[in-house]
Amino acid sequence: MSVLRRMYRNETSVPFAKLWKPVGLCSLLVLIISVSSLGFRGLNLGLEFEGGGAWEVEASGIEVEQVRNALPQSVSDAARIQTGGGVLRVRIELSKAAQTSLQEGESGGDIVQEVTAALVVVTGQDESAISVSTAGPSWGEEITDKAINALIVFFIVIALYITIRLRWEMAVGALLAVAHDILITIGLYALFQFEVTPPTVIAFLTIMGYSLYDTLVVFDKVRDNEHMLANSKLTYTLVVEKALNQVFMRSVNTSITSILPVVSVLVVGSGIMGAATLREFALALLIGLIIGTFSSLFVAAPTATFLRNRFGDADSDSNRSYRLSEAVKKKSKNSQVVVKTPSNPAIPPRPRKKRK
Amino acid sequence: MKRQVLLPLLAILIIVGGLFGWSEAAGNDVLLGLDLKGGAEVVLEPVEDTELSGDALDEALDKSVEIIRNRVDGLGVAEPDITRQGNRIVVQLPGVEDQRRALEVVGQTAELRFRPVCAILPAVPIKLDEANNQTSDGANDGPVGILPTDQDELPAEGPEGSESSTMGSTPDGIGCENLGFVPQDALGMENTEADDDEAENSVIFPLLDSEGNPYQRLLLGRTMLTGASLETADASFAGGFEWQVLPVFRSGADGIDLFNAAANACYNRNSKCQTGQLAIVLDGVIESAPTVNTPFFERDQIVISGNFDQNRAEDTALVLKYGSLPLEFGDPTDPTSGSRVRLVSATLGQDSLDAGVTAGLVGLALVALYMIAYYKLLGLAAMLSLAVSGTMLWVILSWLSETRSLALTLAGVVGLIVSIGTSLDSNVVYFEHLKEDIRNGRTLRSAVDQSFPIAFKTIFWANLASIIGAAILYFLTVGSVRGFALMLGLASILDLVATYFFLRPVVKLMGMQKAIQDRSWLSGLPLSVGEES
């Protein structure tokens, strides 16, 4: 049987446990690269974090140099000018320019007006056709501070939630996976010096939500299979591995259905139609979604398994009552287990239909 | 049995369809944020050296929001949104056409001051020695400069009172008295800098013509009253031929009495107001400098007429009405202040919207192709379920737009596109369970019933985590992150609703069809073991 066909029929038996170590090492390597590039290169922060101005106007056939020459002297060197997709973009770190001109006794507000006026001349567009945004340096910081505060609360609440609902080992695994995803995504942004804007921060938050959701689906399956510890004397590692195989196709399919729209935003929205803001969202999302699926299988699961093997109480497993997944009550082909319904008193008898 | 499935299915379709119909009939429509529609956003932050703090600051901010809201209403923007976020005031004016004007109206932060005109000066300062030569024969008691004035007039509308002589005398040392220099000296003085524009100083400001070029300068005396004395003001098109501004003063000692004292001084052209003109000044700009034609006014019978076009009359009325904010805010166009501004051109907003919608549709089509190729009829059911939750989301969004003026921003559009993938996940989880059950020997019919509760449990707890996360983000953050959190939370809840009330009965219905049970290529499910043998 071809691999694809086996995958389609959920009959894969990927030896996840064997892969954890090598894949984990690769993951660790990427993580180290990410964190160190974050440390050494830092993030390329957008104007919302630096304090500055951005102009956008529809214009075609205009050269960068042409625009640069038209801009006021005090800012023309510092301006980042982009043309493409029929849109001219100018970004200027205004806080420096404003400080310079303040020293020269002019007020900072004039620069914004001057640049706008210069763009009106060079593009021949009406002033109302030009999008302008300015931001003080404090704003981006504040929104990030708030987001970080929210994150801390989020981590605590989710840790409690998973501990109550599943197990504390899983809480640690899930949060480690989330941290792993965020760190790698931000690290890649530092490595390639992609610009970080408020939309990017939102995208980072989305990644977190997605990663967590994905991990919980995987862990739920693991928990459903935990009865095998008692019933078929499997080791915890094997139970997890089986669960991962069972959810493997779901992970693949969910990734595909999540990633396709994001790819469409990246290629169609920002690539073909030239909406720059869309790229700021989609790039981070694309990276994050891929890593998010990966980390559920290769970060969250091994962490939870390791902790569980190390600290878990084997006796409690046999005493603990599990709600059995109906599906696994049947004889499974892969494991030579026969689970008879009465063997576990916690399993309610299959209810009869009321009306048939 | 079939009826048991069909009824809830019909019910949910009718409910969703009915909600959609209601929403359309009520004319609810999703508002577009200004990054999609074009418009202006101004965020005002108090200047750092503001003396207020605690409750006083709080009150001043609330008051400012109120004043800005009133000013903005005068602009005629369809859906203005003025909110406080901490110590900031966020003003959103989606679709506003004249963005510069909006900026000016919102950003005016200074105190409105009534100052007497002490002298009318030429537009350009004249060197002192020349000035002395020119005006050596000039009288000390009259206006300097012989330029024609086309200032606005303040005709009598109040009763001509004999009590004028007894009414309100201004305290000493205000107006044009005791300036410390004679008006002739002012000929050589530069215009007053913004920093020196204090209520108790005399100032020199230019009068601008309609092109914005100075044609005169006025030497203005100390402030005689401020905008605090005003109650309201209106612009009206009087007699069908000219625009007028109608200010109404508060009654009592802090209102009309102060104004009448000033008017009296100007009417009698005494030393406090030698030219008879009373200038209305806001933030270094002379809004109007009418001549006072009556010594006494009733508080609601005052008319300012003159060279007003509609815009100027309305602007002047707005300035009079809402002239002073209780707080000073940073200049939004100055990047070193905390305030900021965003102007989005309508065409670029439209471009972003088009790009977002096209990308969304292409993404949706790709996902639909994949789902149907992989899950066949089940895939189709999943797409229908997505349509159901999408419709509900649209109804809720347009309802929120209508009632809470929540606007869909580009971040929201991206959130919606991302939620396509995550919403389908609940379907995928269910279908994979179904396949596994059937492979383990169940018939399609019983597998459909048995898998759902287990799959739904997984979906429920995972979505609950998303909802908790969204709620935390919503309550602890501000601005666009908040809008995103709302979208995430809504999508998660609706995902659960659509899965439980739509997908479950649809799949159940499919499981009952003999035609589907026997055709693996149609259902996308393996044949049951039992049926194979």
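Me: How many bridges join strand β5 (residues 131-135) of chain A to β16(B)?

Reply: Two strands pair if DSSP finds at least two bridges between them. Strands (E, at least two residues) and helices (H or I, at least four residues) are themselves DSSP runs, numbered from the N terminus. Here, 3 bridges join β5 of chain A to β16(B), and the two strands run antiparallel. A:Val132 has B:Leu343 of β16(B) opposite it.

Me: How are the residues and chains labelled, and what limits apply to the model?

Reply: Residues are numbered from 1 along each chain as its sequence is written, while chains are lettered from A and ligands numbered from 1 in the order in which they are written. The model is predicted, and local features need pLDDT of at least 70, side-chain atom pairs count only at pLDDT 80 or more, and totals for chains, interfaces and linings use all residues.

Me: What is the order of the strands in the open sheet?

Reply: The open sheet has 8 strands with antiparallel pairing, in the order β3(A)-β4(A)-β2(A)-β5(A)-β16(B)-β2(B)-β4(B)-β3(B). The edge strands, each pairing on one side only, are β3 (80-84) of chain A and β3 (81-85) of chain B. Angles run from 0 to 180 degrees between N-to-C directions, and axes are lines fitted to C-alpha atoms, for helices over the stretch in contact. With direction ignored, neighbouring strands of this sheet are turned by 10° against each other on average.

Me: Which strands does α8(B) touch where it packs on the sheet?

Reply: Two residues are in contact if their C-beta atoms, placed from the backbone, lie within 7 Å. Helix α8(B) touches β2 (52-58) and β5 of chain A together with β16 of chain B, and its direction makes about 80° with that of β2(A).

Me: Is B:Val367 buried or exposed?

Reply: A residue is buried if 20 or more other C-beta atoms lie within 10 Å of its own, exposed if 12 or fewer, and partly exposed in between; C-beta atoms are placed from the backbone. B:Val367, in helix α8 of chain B, is buried because 24 other C-beta atoms lie within 10 Å. Leaving aside neighbours within four places in sequence, its contacts are A:Thr257, A:Leu260, A:Pro261, B:Ile420 and B:Leu424. B:Ile420 is 53 residues away along the chain, and its C-alpha atom is separated from that of B:Val367 by 8.5 Å.

Me: How many residues of chain B are in contact with chain A?

Reply: The size of an interface is often given as the accessible area lost when the parts come together. The count here is of residues: 74 of chain B are in contact with 73 of chain A. At least two residues of the chain B side come from each of β16 (340-344), α8 (346-375), α10 (410-439), α11 (444-476) and α12 (479-512). For classes, Ala, Val, Leu, Ile, Met, Phe, Trp, Tyr, Cys and Pro count as nonpolar, Asp, Glu, Lys and Arg as charged, and the others, Gly among them, as polar. That side of chain B has 37 nonpolar, 25 polar and 12 charged residues.

Me: Which residues of the largest nonpolar core touch the most other members?

Reply: A nonpolar core is a set of buried Ala, Val, Leu, Ile, Met, Phe, Trp, Tyr and Cys residues joined through C-beta atoms within 7 Å. The largest one has 135 residues, and those touching the most other members are A:Ala174, A:Phe204, A:Leu205, A:Val218, A:Val265, A:Leu285 and B:Val414. Helix α13 (residues 276-311) of chain A gives the most to this core, with 16 residues. Beyond four places in sequence, A:Leu285 is in contact with A:Ala203, A:Thr206, A:Ile207, A:Val262 and B:Val418. A second, separate core has 53 residues, including B:Trp243 and B:Ile286.

Me: What is the phi of A:Gln193, and where is that residue found?

Reply: Phi of A:Gln193 is near 55°, a positive value in a residue other than glycine. A:Gln193 is found in the loop between α9 and β6 (195-196) of chain A. A:Gln193 is classed as exposed because it has 12 other C-beta atoms within 10 Å.
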